[in-house]
Amino acid sequence: MPAPASSPMLTALGQLAQTSAPAPLTDAVCLSGFLDLVPDPRGVRGRRYRLTALVAAAAASVLAGARSLTAITEWITDAPSWACRALGFPVDPLTGTVSVPHPHTVRRLLVQLDGDALDQAIGAFLTARATPSPAGLRAIAVDGKALRGSRTATTPHVTLLAAMDHTGHVLAQRQVADKSNEIPAFKPLLDTIDLTDTVITADALHTQHAHGAYLRERGAHYIAHVKANHPGLFDRVRHLPWREITLDHHERTRAHHRTEIRRLKTTAFAHLDYPDARQALQVVRWRKDFTTGKLTIERVYLITSLPPGVATGASSPPGSEDIGRSKIFCTTSATERSARTTPRSISAVSRVPWPACATSPSASTARATTPTSPPPCATPPATAADP
């Protein structure tokens, strides 16, 4: 009987399928050099085929389109002899024929493999083949997803926590333990990645003091999404005098039967209860549906350890607009104002330009405007100087 689709091997090899490599066999042969990190679960007696050859063949079949253990074994059985030689299968010295493993041999090995060790090996391979990033900060997004097709009648779906750069390479991924969440898997996932000169983005679930301190100890910066799961931090950031802060970026787009306006404001301030937090951001999205006429306003608040002046509109993007996927939103009319309360006394200093990619893919439409709304209260506004 074929093994279930949620086996650790298929979970780990999903990284290779996302890279859309043009030469499956070539990439599989190169991967075999990184498979020494994977322990062999088989006994010492009776080993006829090397672990690297079997896993490399499975990787080649996944890159060729195989999505199940049955398809993987069929691809290995039907592979030409020259491909089997390149993958490392043994050759008979007398006849020159290549010995191909039985499908049951491949299935038993792949089901017993350590998924985390295979994830680490594939992540090291993808990191080595990734195009070097230009000078500056490198952006890495951390997010969790449910593995499609992994849920059965008796077991829940498999959840993966992955780290991916903005070029589309999955640098590492880790399976989230059953009856748990993504928080305990955050540090073990990033332990396998060099975080020097990187900016880590994640959803509000990972806005934890321990995660922020961990990233700063590893030499990485962060852009953390602030929501109501941290009520004190959220209340302090939300009640900043945003109306007095100069607009950093503005963009209007029209697509998918709707028009969308994105606005970004940043301010640097002190006295924030989060490890090495230097700046706060407010992202406001206005979406109007042409079909229904419904207007949706989304307000997203973020904090970052990046100091003022590090990132500019022309630099590489340290953040992503996907940060705002989990958001605070309200549906209202165009003339209705949201209720505001008196902000706390926070020493705000001058802001600097922020990269346009934090809210939009284009920096050509960025322009600075002066807010026209009246002051919300008598609290001294944040001083805004020209960058």
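**Salt bridges, ring pairs and confidence in a predicted model**

Arg138 and Asp165 make a salt bridge, with their closest N and O atoms 3.1 Å apart; the term stands for a side-chain nitrogen of Lys or Arg within 4 Å of a carboxyl oxygen of Asp or Glu. Arg138 sits in strand S1 (residues 138-146) and Asp165 in strand S2, so the pair ties together parts that are 27 residues apart in sequence. Helices (H or I, at least four residues) and strands (E, at least two) are DSSP runs, numbered from the N terminus. Asp165 is buried, at 5% relative accessibility, while Arg138 comes out as partly exposed at 22%. Buried here means under 20% relative accessible area, exposed means over 50%, and partly exposed is in between (1.4 Å probe, protein chains only).

A word on the ground rules. This is a predicted model, so local features need pLDDT of at least 70 and side-chain atom pairs count only at pLDDT 80 or more, while totals for chains, interfaces and linings use all residues. Residues are numbered from 1 along each chain as its sequence is written, and side-chain values use heavy atoms, with hydrogens and water left out.

Helix H9 (residues 209-217) has the highest confidence, at a mean of 94, and strand S10 (residues 328-331) has the lowest, at 27. Residues 312-387 have a pLDDT below 50, yet this stretch still has 168 contacts in the model beyond near neighbours in sequence. A contact means heavy atoms within 4.5 Å. Residues 1-6 also stay under 50, and the model has 10 contacts for them beyond four places in sequence.

Now for the overall picture. The protein has 10 helices and 11 strands, and 45% of its 387 residues are buried. Of the contacts with a separation of 6 or more, 67% are between residues 24 or more positions apart. The accessible surface comes to about 19300 Å², and 54% of that belongs to carbon and sulfur atoms; these areas come from the Shrake-Rupley method with a 1.4 Å probe, and for residues only the protein chains shown count as cover.

Back to the charged pairs. Side chains of opposite charge can pair when their charged atoms come close. The count of salt bridges comes to 13. One of them joins Glu260 to Arg287, with the closest N and O atoms 3.4 Å apart. This pair links distant parts of the chain, since Glu260 is in strand S7 (residues 258-269) and Arg287 in strand S8 (residues 279-289), 27 residues apart. Both ends are tucked away by the cut-off used here: Glu260 is buried with a relative accessible area of 4%, and Arg287 is buried with 16%. Through shared partners, salt bridges join Arg258, Glu260, Arg262, Arg285, Arg287 and Glu298 into one network. Asp40 and Arg47 form another salt bridge, at 3.6 Å between the closest N and O atoms. Asp40 is partly exposed at 24%, and Arg47 is partly exposed at 40%.

The structure holds five aromatic pairs, meaning rings of Phe, Tyr and Trp (its six-membered ring) with centres within 6.5 Å; planes under 30 degrees apart count as stacked, over 60 as edge-to-face and the rest as tilted. Phe34 and Phe125 form an edge-to-face pair, 5.8 Å centre to centre with 65 degrees between the planes. Phe34 is in the loop between helix H2 (24-31) and helix H3 (51-63), and Phe125 is in helix H7 (residues 115-129), 91 residues apart. Phe125 is buried at 4%, whereas Phe34 is partly exposed at 27%.

Trp242 and Tyr301 form a tilted pair, 6.2 Å centre to centre with 40 degrees between the planes. Trp242 lies in the loop between helix H10 (231-238) and strand S6 (249-255), and Tyr301 lies in strand S9 (residues 295-304), 59 residues apart. Trp242 is buried at 1%, and Tyr301 is buried at 5%.

Lastly, a glycine. Gly168 has its place in the loop between strand S2 (159-165) and strand S3 (170-175). Gly168 is partly exposed, with a relative accessible area of 30%. Gly168 and Ile140 are 28 residues apart in sequence and 9.9 Å apart in space, C-alpha to C-alpha.

Definitions and conventions: pLDDT is the predictor's confidence in each residue, from 0 to 100.
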